[in-house]
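Good morning, everyone, and thank you for making the time. I would like to walk you through one structure, so please have the sequence and the model open as we go.

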Amino acid sequence: MRETVALKLRIVGIVQGVGFRPFIYRLAVARGVGGYVVNLGGSDVEVYVEGERDSIVSFLRGLIEEKPPPARIEGVDLEVVEPRGFRSFSIRRSERRRGRRSIIPPDFGICVHCLAEIHSAGRFYKYPWNSCAWCGPRFSMMYDVPYDRDRTSMRAFPLCEECRRDYEDPYNIRRFHAQGISCKRCGPATRVFTADGRELVVDDPVEWAARRLEEGYIIAVKGVGGYHIAALASNDSVVAELRRRKGRPAKPFALMVRDCRIASRIVVIPRGACAVLSSAERPILLLPRRPGAPVSELVAPGLDKLGVMLPYTGFQALLLERMKDGFLIMTSGNRSGAPMCTSLECVIDELADIVDYIVDHERVIVHRVDDSVLRYTAGRLVFLRRSRGYAPAWIYSPFNIKESIAVGAELQNAGAVGFEDKIVPTQYIGDMDEPGQIEELERELNWLIRVYGLKPRVIAVDKHPFYRTRSLALRLAEKYGAEIVEVQHHHAHAASAMLEYNVANGETRVAITIDGAGYGEDGTIWGGEVLVVSYREFKRVGSLHSFPLPGGDRATLYPARALIGLLYSCGWRLEEVLQLLSSRNMLSPSVLPYGEAEARASYLQCSSSISTTSMGRTLDAAAVLLGVAERRSYEGEPAMRLEAAARGCGAVGFEAPVELKDGRFVVNTCALVEQVVDALDKHSTCSIAGGVQLALGRALGQIALNALRGTRLPAVVYVTGGASVNDYLVEGIREALGKEVEIRLQRKLPPGDGGIAVGQLAIASSRIDE
Ligand SMILES: [Zn+2]
Ligand SMILES: [Zn+2]
């Protein structure tokens, strides 16, 4: 006798807005099982299936193996229930009742099927905003959850008759109940404007834009989560003009490239990278520049890598097909430091001096979502910026998280909200000292709190007394009646890394946290720390050598000041310092605006200046001493140049000794400086640059080993902070740790301050009593 079984499945993950219900429907019909599928409010999917045992097993296998490409199943609750006599299968109307909270779908790049339609006859031919259940914008156009067309900015575009038919046809694999679909009859129109907002009538906006770009014009192009600025990347004078207009002397520009084949002409593509570039997430990857690549040197001055991404809208794909080079600069459409524009008004107000023309479309961008950026460190991908394609997907915590908010730090910031066993980092927001950014962070956090229906009890904030996120934390605490918990910067970095690797609450680990700056427990600036750490607390067991930063922030902009501070702390006399600076051409105004006078003043300022153990400032000092950086024109520039300068040659074997001082292990950077100065005339800049970074890494690794010695802690060291993306530092740490101790880098979250909110939440949550 044949056995009838019935199952009730509750599926959590990215299962809404990716054609999941029609997929389930077709699968059920094909396997001959009865039942229904329904979206529960909150966006979980419930599936009831009933049929012969073999059919049900086959259905379950298909569920995993044949699911739509962008779907992510995060969890399945499976319950065996009494059969109810279902013969046929149906898609039920979405229910409003609350289910488990579910992931909000991120924005996906255009799929191969939609691209193919753009190139074939029919109503999608040359339609630049074609999308389907498997691709297209999601989060960036959502006003509310669950994800249905009338809660997105596509509600302004009622479906035409044919799109309506597709939408209602369960056999239309990619359009049935696909919320974002449109065609050239019913979808957003593409329009062209002059920079001051006069509309131009053009026949074919793609063709028109391609021609203007070839002529050297600079154009703002509306994309998914904001506007790009597009310009020729192969033409020095165009790139120089763009730099002049943007007031951006050196910060690298990202490139959009037609396909992997063209990308491989300008960068070296490691195995697997093409799949990442063409994934639904379509991130920017930083890849080694190919020697002789036809890309202007001005695109990424002084760096060995280029940021490349593939087109992720139909418009971008059509545009790149028409460009002779096959690639273009596609940089964020913003004024230097300001948020990327998401509206035509913003482009006209703020970018009129930068761009010549604007190519616009009519779909409203609800959430600004910048391009995500990843690079390879120690041979594997690491996030520099987690945004489009990834945010606001959540990550799991190994322990229960109180309903809470974390506001992050200050620069390159993102926030996060937490609940249950989940933490939802916001998309990348930006620098909090730029107008509009704090407000945007506040909006995004409040939005997540609302759509997830949270009652936050805790607001986590950095210990720094002057971060702008502090006032935001105070506002949020008042609004929600929540308690503020202060979290030390590097403790949060370490916790973020530990959470990513599922370290349980109550466990203790060793972490190396290296970055530019974080407010220390002792009121000085930390940034080269070795911590013995749990979520609840930490002990600072070691650090880099501490030195004064004459002029504070000015020492960040002018790395020669950091070098002067370092030399001062190492006991160099003023005359010795001046002589070194002079011999290395560091008294010129390109390095220190007031030359020798400024050098003298800086030296005298040292005794009263704030001091730091920052890895960033230590690398800055090395970079200026080696002549690979003069000033810092963007965050991290000297350190990035130093890393780039070390490529392709053997490193000098320097040693930075570790000493026990005031109860902690301290790296003797002074001894390292002596060796470097001595090597300046004997070795190449390249080999010295590599040697310095490796030696600093080895010294920190040595301290971590010391911290592990004699304990029962697992033989694992977490390495995090913005500087932990540096290949040479990581290699140095690895050398010191040897084979016995495992090194763990952040891979799911940015190790820089974009990932810090996650650590703040974990710490705050573990500190609050039940
Ligand atoms: Zn598609
Ligand atoms: Zn239509």
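This is a predicted model: local features need pLDDT of at least 70, side-chain atom pairs count only at pLDDT 80 or more; totals for chains, interfaces and linings use all residues.

Let me begin with D662, which is found in the loop between β28 (658-661) and β29 (664-667), where helices (H or I, at least four residues) and strands (E, at least two) are DSSP runs numbered from the N terminus. Residues are numbered from 1 along each chain as its sequence is written, chains are lettered from A and ligands numbered from 1 in the order in which they are written, and side-chain values use heavy atoms, with hydrogens and water left out.

Coming back to D662, its phi is near 45°, a positive value in a residue other than glycine. Is D662 buried or exposed? With a relative accessible area of 81%, D662 is exposed; the scale here calls a residue buried under 20% relative accessible area, exposed over 50% and partly exposed in between, using a 1.4 Å probe and protein chains only. N585 also has a positive phi, near 60°, and is likewise not a glycine. N585 lies in the loop between α16 (574-583) and α17 (595-605), and its relative accessible area of 55% makes it exposed.

The backbone also has cis peptide bonds to look at. One of them joins V145 and P146, with omega about -10°, and P146 sits in the loop between α3 (112-118) and α4 (161-168). Another runs from A391 to P392, with omega near 0°, and P392 is in the loop between β16 (380-385) and β17 (395-396).

Let me turn to the metals. Which residues coordinate the zinc ion (ligand 1)? They are C111, C114, C132 and C135, each through its SG atom, at 2.3 Å, where donors are N, O and S atoms within 2.8 Å of the metal (3.2 Å for Na, K and Ca), and sites may look incomplete because water is not among the atoms. The spacing of these donor residues in sequence is C-x2-C-x17-C-x2-C, and both C132 and C135 are buried. The arrangement around the zinc ion (ligand 1) is tetrahedral because its 4 donor atoms subtend angles of 103 to 118°, and four donors count as tetrahedral if all angles lie between 85 and 135 degrees.

Next, two residues elsewhere in the chain. S766 is placed in helix α23 (residues 756-767), and its 6% relative accessibility means that it counts as buried. Leaving aside neighbours within four places in sequence, S766 is in contact (heavy atoms within 4.5 Å) with F399, N505, Y535 and R536. L298, by contrast, is partly exposed, with a relative accessible area of 31%, and is found in the loop between β11 (284-288) and β12 (305-309). Not counting residues up to four places away in sequence, L298 touches D236, V239, A240 and R243.

The structure holds 6 cavities of 30 Å³ or more, a cavity being a set of points, on a 1 Å grid over the protein atoms alone, where a 1.4 Å probe fits but cannot get out, with lining residues having an atom within 4 Å of a point. The largest cavity has a volume of about 130 Å³, a volume being the space filled by probe spheres set on the grid points, which are joined across faces, edges and corners. Of the 18 residues that line the largest cavity, the closest to its centre are G17, V18, G19, R21 and H177. Helix α1 (residues 20-31) gives the most to that lining, with 3 residues.

Note on methods: On a 1 Å grid over the protein atoms alone, a cavity is a set of points where a 1.4 Å probe fits but cannot get out, and a pocket is an open set with protein on both sides within 12 Å along at least five of seven lines; lining residues have an atom within 4 Å of a point. Four donors count as tetrahedral if all angles lie between 85 and 135 degrees; four count as square planar and six as octahedral if opposite donors are over 155 degrees apart and all others between 65 and 115; anything else is irregular.
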